[in-house]
Amino acid sequence: MAARMDLDGRPIKPMTICMIGAGGFIGSHLCEKLMAETPHKVLALDVYNDKIKRLLEPDSLPWAGRIEFHRINIKHDSRLEGLVKMADLTINLAAICTPADYNTRPLDTIYSNFIDALPVVKYCSENSKRLIHFSTCEVYGKTIGSFLPKDSPLRKDPAYYVLKEDTSPCIFGSIEKQRWSYACAKQLIERLIYAEGAESGLDFTIVRPFNWIGPRMDFIPGIDGPSEGVPRVLACFSNNLLRREPLKLVDGGQSQRTFVYIKDAIEAVLLMIENPDRANGHIFNVGNPNNEVTVRQLAEMMTQVYTKVSGEPMLQSPSIDVSSKEFYGEGYDDSDKRIPDMTIINKQLGWNPKTSLWDLLESTLTYQYRTYAEAIKKSMAKPTAS
Ligand SMILES: NC(=O)c1ccc[n+]([C@@H]2O[C@H](COP(=O)([O-])OP(=O)(O)OC[C@H]3O[C@@H](n4cnc5c(N)ncnc54)[C@H](O)[C@@H]3O)[C@@H](O)[C@H]2O)c1
Ligand SMILES: O=c1ccn([C@@H]2O[C@H](COP(=O)(O)OP(=O)(O)O[C@H]3OC[C@@H](O)[C@H](O)[C@H]3O)[C@@H](O)[C@H]2O)c(=O)[nH]1
């Protein structure tokens, strides 16, 4: 492999990366990229490894020896510090990060996103190791614009809704709205990391992903996850499409999101990994401001794309409305609109997303169809016990 150059034209030295949560959606794509395109070594930590199994065996793979899986729950495992010490860089992806959990399992959510991340920050700080920590766009909460009167012309002014790392406030709902337990825990760990940087000289980068989506995201209920489980929207809608059920629009599907293709976003993370001088001390929004839709529009687009990739006809009523209380339970609330400002990541790393929403849905739904259609048909054909 020819020597890789950083953005300033210097050769990049191979490094060892301790990746916590490597078995998840983002982790699996990041491991894949690091193995296929770089000489770096990965210590992959997670409680599961199904999504990276293909990278771990057999021994004949070209990257054999560069990726090592450690089945570790970071809540209680004394091996964590040793692994952080062995690495040049730690990337922490571990978290409970599905909205269905925020209001129904708020304690687990807060522990996972704040308490369990504390030792990771401490070990990096004490051992002078670099940390890339995964936060979330949810730390912005609701937009300022959402508090303006419905007919206010200011709602159209980007100053009231575009989310900027260094100037936007974090606006959450009341404490009974337990949805915000996740965002609040993520905000506090960001503040702690920032303080470690300021007071102890920790070299850190904080990533705020804006709805990264693609293959291997979450699970399909009843196939590779619990039947009653509620994953994030991509997997919920994929599941409905595969089962030929109407897509459920929570509270009318009026919330807006910008979706970025996982493969574009992973390019941004690789730039952070390999350009520490440009990434350290920064918080980066990583999203695609050009891919904004309401959840209702997302449902319509996914229905059209799925019809194309599966060859199956569309349902007469492709979606239905459900209340958030019915779908998520008490204490749910929502972010109204999420457009990332891209100035900082553009200036520091020259990164831009490339893939349109239609194209990313086409490749993702082709994957979903190939991976799950057969298994779903079989499971639906099984007689149910009476
Ligand atoms: N996907 C997105 O669009 C998105 C958006 C915003 C923030 N994020 C953040 O990015 C990170 C990764 O997200 P993802 O989408 O890959 O989620 P994911 O759930 O697929 O991955 C998280 C992984 O962490 C592991 N994990 C959790 N607790 C652990 C523990 N105690 N010990 C060991 N492993 C543990 C899980 O088993 C899982 O494999 C999270 O911190 C999440 O909050 C993701
Ligand atoms: O079946 C569904 C699922 C979800 N939705 C809606 O779709 C929107 C997006 O829902 P997602 O499950 O993808 O999650 P959100 O975008 O709200 O939050 C996510 O954002 C960033 C990360 O930190 C987390 O991955 C997650 O919190 C929400 O408005 C939700 O109410 C539906 O209308 N129907």
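This tour moves through a predicted model, from its ligand to its aromatic side chains.

Begin by selecting ligand 1 and the 25 residues around it, of which Phe-25, Asp-46, Asn-73, Tyr-182 and Trp-212 come nearest. By class, this shell has 15 nonpolar, seven polar and three charged residues.

Next, display the oxygen atoms of ligand 1. One lies 3.1 Å from a polar backbone atom of Gly-24. An N or O atom in the side chain of Lys-186 is 2.8 Å from an oxygen atom of the ligand, and a polar side-chain atom of Arg-232 is 2.9 Å from an oxygen atom of the ligand. Taken alone, ligand 1 exposes 820 Å², and the protein buries 89% of that. Colour helix H1 (25-37) and helix H7 (180-200), the elements that give two or more residues to the shell.

Now select Phe-134 and Trp-212. These residues form an edge-to-face aromatic pair, 5.8 Å centre to centre, with 85 degrees between the planes. Phe-134 belongs to strand E5 and Trp-212 to strand E8, so the pair ties together parts that are 78 residues apart in sequence. Both Phe-134 and Trp-212 are buried.

Proceed to Tyr-140 and Phe-210, a tilted aromatic pair with 6.0 Å between centres and 45 degrees between planes. Are these residues buried or exposed? Tyr-140 counts as buried because its relative accessibility is 1%, and Phe-210 counts as buried at 0%.

Finally, select Tyr-161 and Lys-337: the charged end of Lys-337 sits over the ring of Tyr-161, 4.6 Å from its centre. Phe-327, Tyr-328 and Tyr-332, which form one aromatic cluster, complete the tour.

Conventions: Residues are numbered from 1 along each chain as its sequence is written. Chains are lettered from A and ligands numbered from 1 in the order in which they are written. This is a predicted model: local features need pLDDT of at least 70, side-chain atom pairs count only at pLDDT 80 or more; totals for chains, interfaces and linings use all residues. Side-chain values use heavy atoms; hydrogens and water are left out. A residue is near a molecule or strand if one of its heavy atoms lies within 4 Å of it. A polar contact is a pair of N or O atoms within 3.5 Å; within protein, one must be able to donate a hydrogen and the other to accept it, and residues adjacent in sequence count only if both atoms are side-chain atoms. Accessible areas come from the Shrake-Rupley method with a 1.4 Å probe; for residues, only the protein chains shown count as cover. Helices (H or I, at least four residues) and strands (E, at least two) are DSSP runs, numbered from the N terminus. Ala, Val, Leu, Ile, Met, Phe, Trp, Tyr, Cys and Pro count as nonpolar, Asp, Glu, Lys and Arg as charged, and the others, Gly among them, as polar. Rings of Phe, Tyr and Trp (its six-membered ring) pair if their centres lie within 6.5 Å; planes under 30 degrees apart count as stacked, over 60 as edge-to-face and the rest as tilted. Buried means under 20% relative accessible area, exposed over 50%, partly exposed in between (1.4 Å probe, protein chains only). A charge sits over a ring if NZ of Lys or CZ of Arg is within 6 Å of the ring centre and within 35 degrees of the ring normal.
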